[in-house]
Amino acid sequence: MCQPGKQELAKSPVPVETALQVDAKGDLVGPDGTVVLQQLTADAQLRNHAGGVVLGLACTSKEPAALLDVPLGKLPASSRFMALSKAKQYWMVPAWGSTAAELPIETQLLLLELGGSAVAAGEEPVYAVVAPLIDGNRFRASLRPARPGNKVPLDTLILREESGDEYVASNTFKNSVFIQVGSDPYQLLDQGMEAAVKLSGSGRMRWEKPQPASLDMFGWCTWDAMWTDVCPKGIQEGLRNLQEGGTPARLLVIDDGWQQIDVDPEFRADALEGRKAHSAGEAEVEYNLMKLVSGEDEQAAEPLHEQSNGKLEAESGGKEQSKGAVGGGENGYHGNAAVVPANGKAQQQGLRQRLLGWASQRLWPLVQRAEVGAITLIRDTLETAPTGSRRMKLFAALMTGPLRQPVLRFYAQASCHSRRLMSIKANAKFDHIDQGPDAPLNSQASGFGDVVRELKKRYGLDYVYCWHAMGGYWSGIMPETPGTSKYKSYIQYPKPSEGTLEVDASFLWVQPVVAGVALPDDPRHFHRDLHAYLKESGVDGVKVDVEATICMFGHSGRGGYAAQGARWHSSLEDSVGDTFGGHAINSMCCSMEDLYNMKHSNIARVSEDFYPLIEASHWAHIANSAFITLMVGAISVPDWDMFMTTHDAAHLHATARAVSGGMIYVSDKTTEHDFGLLRRLVLPDGSTLRCRLPGRPTRDCLMRDVSRDGHTVMKVWNMNAVGGIVGLFNVQGATWRTHIRTYHQHDPAPRTLTAHVRPCDVPLLPKAERYVAYSDKLQEVKVLGRTEAWELSVPGGGGHDLVTLAPITQLGEVEVAPVGLVNMFNAGGAVREFAVKESGTGYLGRLKIHGCGRFLLWASQPPKDVTVEGTAVPVEYDPASQSAVFEVSKGASMDKEVLVRL
């Protein structure tokens, strides 16, 4: 039986040879005359490349500049598009339309569906990929609509070339855009991305890089579980509970909170004071402020005093004061402890000192809360303020002017956001395997390696990853400090691009702008020293955050956005490759300066965080992840982020992760797990049934706004070793709204929709006359022809289903198809090999499977017998559905051989 093997699924697509040329009308056309761009600019210079064309520009009529907007041409009247554009400096979102005026700014990839009249008549569409490039690590290109100031018709497609450095100017560009046409959109996108990467940076494609073995192991991340309270005691509690629940983690991601960090010296008194216990209302005020000053990034805005794990605090006797304070003294700053400084000495001093002490403890907090309240009130007025409005500009001036000190004081007291790295070594919370969360964050551990090795030993971990920011920590590396002085960092302030500010005005006032980031000009020594320390401590890989922010520091003679990104990624990738063999999770990394330079790492986050507190984010998260995978999934294995199994949207997220093709990891609190859900994702040995490819929207969804059109169910397809899978998601009703910079639920009660699932939705599914389809939601099977549809209802509000597809093998009068382990979300992922041959008077089916549970085999007649690892097992056969079900026991290994006699 024909089945796709690992090499077939992993290799680069075969080039689609399609010549493009400019016709007599000045239009860019494909080989069959299909128009790709009308009225192509006369400044264009074309050359053939990898089956498409590279479009360069010679804008000799314009003066050299650091930013140029060039009218590229017009989209054909009969075309539709799907665009992937930046919604923040580091994330993208999809958009759909049919005219250039509908194109979002900061578009980094454009997929066109051409030949509208032919498509309407039932013919297969022709697609074109338009991929902006980075030219010589100097200029980055992006697409955008025309504006009145462009002095061109509003239906014109604008190509922006920008360096980001006022000293880097040009009016000629060798590599501006790669364009290619073809009939297979997935092959076209993969090849378009391959060309873009090779022309733009130092990166390699997903299929050219080894895939870390950790991808196939269940992981637990400490972030939502403990925030910066992370400590060995809490980690053990989480790992122990997962182990006892039958879903052991084999990958541990120690997120933010393990490093030595501190605020700048002038704010250490504020850090010492800490934050007193407060009401829920005051906590909401602080949360609003942090969302404001951090631009909605929940991870970056985590408050130090947040207690995420009440049980852990109770077991450790609460957070008590101890010595080892920031700046010395009797009353220390204990990471996130709510510390109130003792005033015994002040009471023994004179009246003046007593009054000052009273004022500092009673009046000063009131002043601080008033400052926070005022800022929060301003935030409320900005909630719906358009980017670029007067209100935005006024607030930016306040945040970087009169309100700058209050904001920095607030950060010092309540958040890690303005802290800088004091050393490459772990903080003292990681000095002992049973250490709790009370050690100061600026203290140093001497036993970090012992802790890591003991965690591996006790809980059967294969891999431990540690989090760090691209520049060390959120605000960089502390200058002139004994632990980091060798890296010669200094405080720098970013210069966001005009496009970044158009999509996210918060970059006028977020933490890097207000506090600055301390960075070295050459990060190589830092990355190599940090990773060497982690490797020596038993750590196997890293999760690297805020990657795209680095590019904004390329101004003032540093070469620009692209040069800065290339320099930092070269450092990171070389270190990750040499030290960890490519074991790295890239995050906040969806700028092309990041994506096109991933040389060794092969995991990349494709969407914003899983946000437990933002209800409107969950449907949009699934939609965004699937469409962004069209671009990112060609470069790295897509990571759809961790999630929490006890969350209201947990089942939706779990189903999506099962079809994503990425790693499956959660961020459950240490004692809060839905093991019923986890056991559908995780096998008893901690392995998972990961799909073989990046999960991508089906062809009939590519040009549909699956979040807003009111009638499309998003379908996501993927492949297993023998069959395929289609995920169904009703994610109508909520999107990311760029102009107000947040998620928005425009329909709180989306209606139930009907999805049509066909075997041909999975383009790589082996050819067969008929297929068996299994609905996870209905627990029913249906036999379908390749183009025959199964109509399935999908409720609104995040309704979902998974349909496993298995080709039917026919030998004589016998037909058979292995569906898989139906107790798992990705049932077909358990089937690693399948073959049938004649044997005596019947037929023998041989399966190699991974996992345990209830196995469903579709067969046109009852099996004569079934053996698992040589032991006969009972079979339940239902003649109506022609389903044979048998139990596969856990056994000593998850890899088993099954023989079926028919």
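Start with two helices that touch: Pro232, Ile235, Gln236, Leu239, Arg240 and Gln243 in H5 are in contact with Val451, Leu455, Arg458 and Tyr459 in H13, where contact means heavy atoms within 4.5 Å. Sorted by class, the residues where H5 meets H13 are six nonpolar, two polar and two charged. Here Ala, Val, Leu, Ile, Met, Phe, Trp, Tyr, Cys and Pro count as nonpolar, Asp, Glu, Lys and Arg as charged, and the others, Gly among them, as polar.

This is a predicted model, in which local features need pLDDT of at least 70 and side-chain atom pairs count only at pLDDT 80 or more, while totals for chains, interfaces and linings use all residues. Residues are numbered from 1 along each chain as its sequence is written, and side-chain values use heavy atoms, with hydrogens and water left out.

The table sets two helix pairs side by side. Axes are lines fitted to C-alpha atoms, for helices over the stretch in contact, and angles run from 0 to 180 degrees between N-to-C directions. Helices (H or I, at least four residues) and strands (E, at least two) are DSSP runs, numbered from the N terminus.

| Helix pair | Angle | Axis distance |
|---|---|---|
| H5 (232–244) and H13 (448–459) | roughly 15° | within 11 Å |
| H19 (617–632) and H20 (650–660) | about 5° | 10 Å |

H19 is therefore roughly parallel to H20, and H5 and H13 are likewise roughly parallel to each other; the label is for angles under 35 degrees. In the second pair, His618, Trp619, His621 and Ile622 of H19 meet Leu652, His653, Ala656 and Arg657 of H20. That contact has four nonpolar, three polar and one charged residue.

Two strands pair if DSSP finds at least two bridges between them.

Another antiparallel pair is S30 (734–737) with S31 (742–745), held by four bridges. These strands form a hairpin with four residues between them, and Arg741 in the turn has a positive phi of about 60°.

How far does the confidence reach? The mean pLDDT (the predictor's confidence in each residue, from 0 to 100) of the chain is 88, and 84% of its residues reach 70 or more. However, pLDDT stays under 50 over residues 1–8 and over residues 275–287. Where pLDDT is low, the predicted coordinates should not be read in detail.

Technical notes: Parallel < 35°, antiparallel > 145°, perpendicular 65-115°, else oblique.
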